[in-house]
Amino acid sequence: MFDCANVEMRERLPELVAGTLDATTRARVEEHVAACPECASELETLRLVRAAFARAPKIDASRVVASLPRPRTVVAAPQRNAKVIRWLDWRIAAALTTITVGGLSLAVSQRMRDVTAVLPRDSAQVQSASATDPNAAGGGLPLPNKSVPHDRQTPPTDTRSSAPEPVSPAVTSPAKPQLSVGGGMGDLDDASLQSLLGALEEIDRAPVAPSAEPDRSPVLPVIKAGDR
Amino acid sequence: MNRMVQDNEPNENSTDLELIARWSAGDERAATRLVERHAPALARFAASLGQRIDIEEIVQDTFVRAFGSIDSFRADSSLRTWLFTIERRLILDRRRAERRRKEDGTIDDADAATEFDALDEIVAEEAEARVRSAVERLSRLQREVFLLRVNEGLSYKEIAEVVGSTEGAARVHYHNAMRAVKELLYV
């Protein structure tokens, strides 16, 4: 009992029996076996082995298939995606709400800061002026001017720039005496009174320039004593 | 591609990977085709390993386990090789469990009547009976390698994957087994 020296052909014998060779290789091996008694003998043994172990109980495929698990990708994947998308939706909505509310809060607080920046300085004036002239309160809050058409009124956003306007120069220069609207002279100390009196005297001493505008004061008729 | 896969019925020409993809997409016919294609070889392999009982149950368990972890199947080996690997592990686990059970002294009477005995009856011809006897005298590893090579036509690389060995060792086991069978049959 000898083995064939052609190792390549001999190695192909089990595959020839199992039927796994391609057509070309199969033809080559069969040609070799036809001329090689050792390989022919071994091939016969291999065929016997295969025949002896070829029998096996028949398997009921439908029973096996019925016991198989369900594929996971079909059902599980879309649910997981839907969950993720739903979760993302909530997160996006929450983020947008936070941004909106935060922005509104900032805007309101900014507005309030502008208002309060003016209020403390003018509150006394507003309180005293509102007693005599409601329009005098315009120095504190940007109330609409009744004499100005609505479309030419100062918008609320101009509060900061227009706020100092109604306030007297004394407010912006604390060194000078402050005179509150509607307030009494009792509010002023002696130095302020002196300064104020000096200013009034300067005004009186100043020469009055002739007005370019025509005198629109009513001309009263001169009544002589004899006319009576 | 998917539409084409869905519309066409799986046939003999469909590859294992195509059938797996179809089954994953919910096509149960693809699973049927895969079972019909590989179940006979698995049953044969189980019988050749000396499995005497519950061959159908083992084949079924093999498919259940394989389809349950189909994501771990790597396409670099054939599906049949992978199935053989799973089945072999199942059989070895069963044998260990049986051995422990027998050591505990709880031998089931049902073990006496086996499917292997039925197979022996089927093997009527004397030559086949002698071959079976010769192969059964081989060591377990030699028998596994030899029958995977002769019955299923697996390459040494695939056999090494199934039995957890190397390609060279599988080749040596095969040739030793071949020599032993020849001696038992003809000497």
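This is a predicted model: local features need pLDDT of at least 70, side-chain atom pairs count only at pLDDT 80 or more; totals for chains, interfaces and linings use all residues.
1. A salt bridge here is a side-chain nitrogen of Lys or Arg within 4 Å of a carboxyl oxygen of Asp or Glu. On that basis A:Glu11, A:Arg12, A:Glu15, B:Arg149 and B:Arg171 are linked in a network of salt bridges.

2. On the extent of the contact between the chains: 50 residues come from chain B and 37 residues from chain A. The area buried between chain B and chain A is about 4000 Å². Carbon and sulfur atoms give 64% of that area. Within chain B, the residues that lose the most area to chain A are B:Glu56, B:Val150 and B:Lys182, which together account for 15% of what that side buries.

3. Over all chains, a search of the whole structure finds 24 salt bridges.

4. On which parts of chain B touch chain A: α2 (16-24), α3 (28-48), α4 (55-68), α6 (115-122), α7 (126-136), α8 (140-150) and α10 (167-186) each supply at least two residues to that side. Helix α3(B) gives the most, with ten residues. By class, the side of chain B that touches chain A has 27 nonpolar, ten polar and 13 charged residues.

5. B:Glu56 lies in helix α4 of chain B and A:Arg63 in helix α4 (residues 61-66) of chain A, so the pair joins two chains. B:Glu56 is also among the three residues of chain B that lose the most area to chain A.

6. Turning to a salt bridge inside chain B: B:Asp16 pairs with B:Arg37, the closest N and O atoms being 2.7 Å apart. The two residues belong to distant parts of the chain, with B:Asp16 in helix α2 of chain B and B:Arg37 in helix α3 of chain B, 21 residues apart. B:Asp16 counts as buried because its relative accessibility is 16%, under the 20% cut-off. B:Arg37 has a relative accessible area of 23% and is therefore partly exposed.

7. A second pair inside chain B is local. The side chains of B:Asp93 and B:Arg96 meet in a salt bridge, 2.9 Å from N to O. Both residues lie in helix α5 (residues 79-103) of chain B, three residues apart, about one turn of the helix. Both ends are partly exposed: the relative accessible area is 39% for B:Asp93 and 41% for B:Arg96.

8. One buried residue in chain B is worth checking by eye. B:Thr62 sits in helix α4 of chain B. B:Thr62 is classed as buried because its relative accessible area is 0%. Leaving aside its neighbours within four places in sequence, B:Thr62 is in contact with B:Leu42, B:Leu83, B:Ile86, B:Glu87 and B:Leu90.

Notes: Residues are numbered from 1 along each chain as its sequence is written. Chains are lettered from A and ligands numbered from 1 in the order in which they are written. Side-chain values use heavy atoms; hydrogens and water are left out. Contact means heavy atoms within 4.5 Å. Buried area is the accessible area (1.4 Å probe) that two parts lose on being put together, summed over both. Helices (H or I, at least four residues) and strands (E, at least two) are DSSP runs, numbered from the N terminus. Ala, Val, Leu, Ile, Met, Phe, Trp, Tyr, Cys and Pro count as nonpolar, Asp, Glu, Lys and Arg as charged, and the others, Gly among them, as polar. Buried means under 20% relative accessible area, exposed over 50%, partly exposed in between (1.4 Å probe, protein chains only).
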